[in-house]
Amino acid sequence: MENPEVAISSCIAYDDEGLCRYKQHLSASQELLVEDQLRRKLKFFFMNPCEKFWARGRKPWKFGIQLLKIAMVTIQLVLFGLSNQMVVAFKEENTVAFKHLFLKGYMDRTDDTYAVYTQTDVYDQIFFAINQYLQLPNISVGNHAYEKRGAEETALAVCQQFYKQGTICPGNDTFDIDPEIVTDCLYIEPMTPLDNRTVGKHNLNFTLDFHRLVAVQLMFNLKAINLQTVRHHELPDCYDFTLTILFDNKAHSGRIKISLDNDIEIRECKDWHVSGSIQKNTHYMMIFDAFVILTCLTSLILCTRSVVKGIRLQREFVSFFLYYYKKEVSFSAQMEFVNGWYILIIVSDVLTIVGSTLKMEIQAKSLTSYDVCSILLGTSTMLVWLGVIRYLGFFQKYNLLILTLRAALPNVMRFCCCAAMIYLGYCFCGWIVLGPYHVKFHSLNTVSECLFSLINGDDMFATFAKMQQKSYLVWLFSRIYLYSFISLFIYMVLSLFIALITDTYETIKHYQQDGFPETELQRFISQCKDLPNSGRYRLEEESSASLFCCCNRQEMGAYFGARTEQSPQ
């Protein structure tokens, strides 16, 4: 038997927004029924998980999955972090070992001051590095070996860069130079037979013209295997080290700086066999990662469904307002249907799925992208923990922080844009004026870091004390510069920034006591007085004669679109 309170309709067209338009004729009582149903539907949509459970018995699956996901993702991150620490430690320790092996007289923490000043010292350093390379299998305590290409081991390249032509006479203040750089390389095989087992000037035809010399580079490749991972039930990785020892003479100042650069690449070992239970542990970890991916995929589907439902309900509400109240819904009211927390969770789920997939490939030794994987997993874990704040926001006392941040954010962003103009001005000024005289102002990056530290009150005395006094005018300018910056940002800018947050906090506390100002959406919903445990929501869900169910959740928007078209303008 047909329900007399339900209008039968058919879609005759679609508008630009995809809403159906129907020819319908509803009585006044039916219109009130439609309005009441929409209010109840909106009120249910904005309920918290507990209220939804009381209203329709809907279990908080998303909340449970988020709690499970937090535990699993955090455990996964800790396990990968421990593995990644071994990789980073192996890289750093090898770099330190190479500096001690190939740099004569090297001492830790002397990278910035490690240099030579005489021609004899330059030759001694070069031939010392060559001899250490040739004797590496006999002197290294690590499992280092030469790189092989086929059956032959790769050679060490000694390349000097110098100006093509040049005659320099500083005593006469004259010079004649061709700035074109010429590179000349000498290659030394690891298995080169030597009478004295050492290389010197008498063995190699190698001389340097220091007047034209720009740089000398020693380049060679080594290989190693990180065996420490075996003790932690992980398969070892194979490492390729591309080392470059640079003798920098670009300044021609009488000081040749020496540096060692180690470019590291992790590769899958070609032929390996490990006895014991490592393979089984690897399989267990991959099963755990697969379960993490499955959990995140479930969370992604549920949150995406909630966002889509919100957008559909938003369009339904906009159509209703346009028909019933003859006015457009404000943009802020429409955005209330878009839950930013769900979008945050969706992003974290996507990052976790991609990061977990990379982690499984790394454990299977198909990939070695440790840095990319750590960034993905670290960011996703941070977003997962931030997403839990949504559920704390259902409690009034915990919600104060969230409301304060959300309300203060627009003003804070505008204030930061203005403060950034002043900050950038000081950065550029400090770099160009103080850069040649102060180590903390040598680059724009270090200038920004130094000024940001000063805003927080860090390292103030050292910044003042390290200023060189070679130029009294620049020294005086540095005092005016630093005093004005500290006074402006600490006593004014930072205080105003804190005042913005404090003012918003007091406003939110006042609203919590006297009530928040209602938007047009909230005023519309507040007319529905049905409590969550009243049973009305459960009956509406089960009713097959509901207008929304008959129209597959689309007729409502189509109906309002049709009535808007028919209503007089």
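pLDDT is the predictor's confidence in each residue, on a scale from 0 to 100. All views show a predicted model.

View 1. The average pLDDT of the chain is 80, and 84% of the residues reach at least 70. Where pLDDT is low, predicted coordinates should not be read in detail.

View 2. Helix 3 spans residues 61-102 and contains Ser 83. Ser 83 has a relative accessible area of 8%, so it counts as buried, the cut-off being under 20%. Apart from neighbours within four places in sequence, Ser 83 contacts Glu 234 and Tyr 370. Between Ser 83 and Tyr 370 the C-alpha to C-alpha separation is 9.4 Å, while in sequence they lie 287 residues apart.

**View 3. The largest nonpolar core.** This core comprises 48 residues, and among those with the most contacts inside it are Phe 102, Ile 126, Leu 218 and Ile 245. Elements giving two or more residues to it include helix 3, strand 7 (156-169), strand 10 (238-248) and helix 8 (340-363). Helix 4 supplies the largest share, 8 residues.

**View 4. Contacts of Leu 208.** Leaving out residues up to four places away in sequence, Leu 208 touches Val 122, Tyr 123, Ile 126, Gln 160, Leu 213 and Val 216.

Technical notes:
Residues numbered from 1 in each chain as written. Predicted model: local features only at pLDDT ≥ 70, side-chain atom pairs only at ≥ 80, totals over all residues. Heavy atoms only, no water. Helix = DSSP H or I, 4+ residues; strand = E, 2+ residues; numbered from the N terminus. Buried < 20%, exposed > 50% of the residue type's maximum accessible area, 1.4 Å probe, protein only. Contact = heavy atoms within 4.5 Å. Core = buried A, V, L, I, M, F, W, Y, C linked by side-chain atoms within 4.5 Å.
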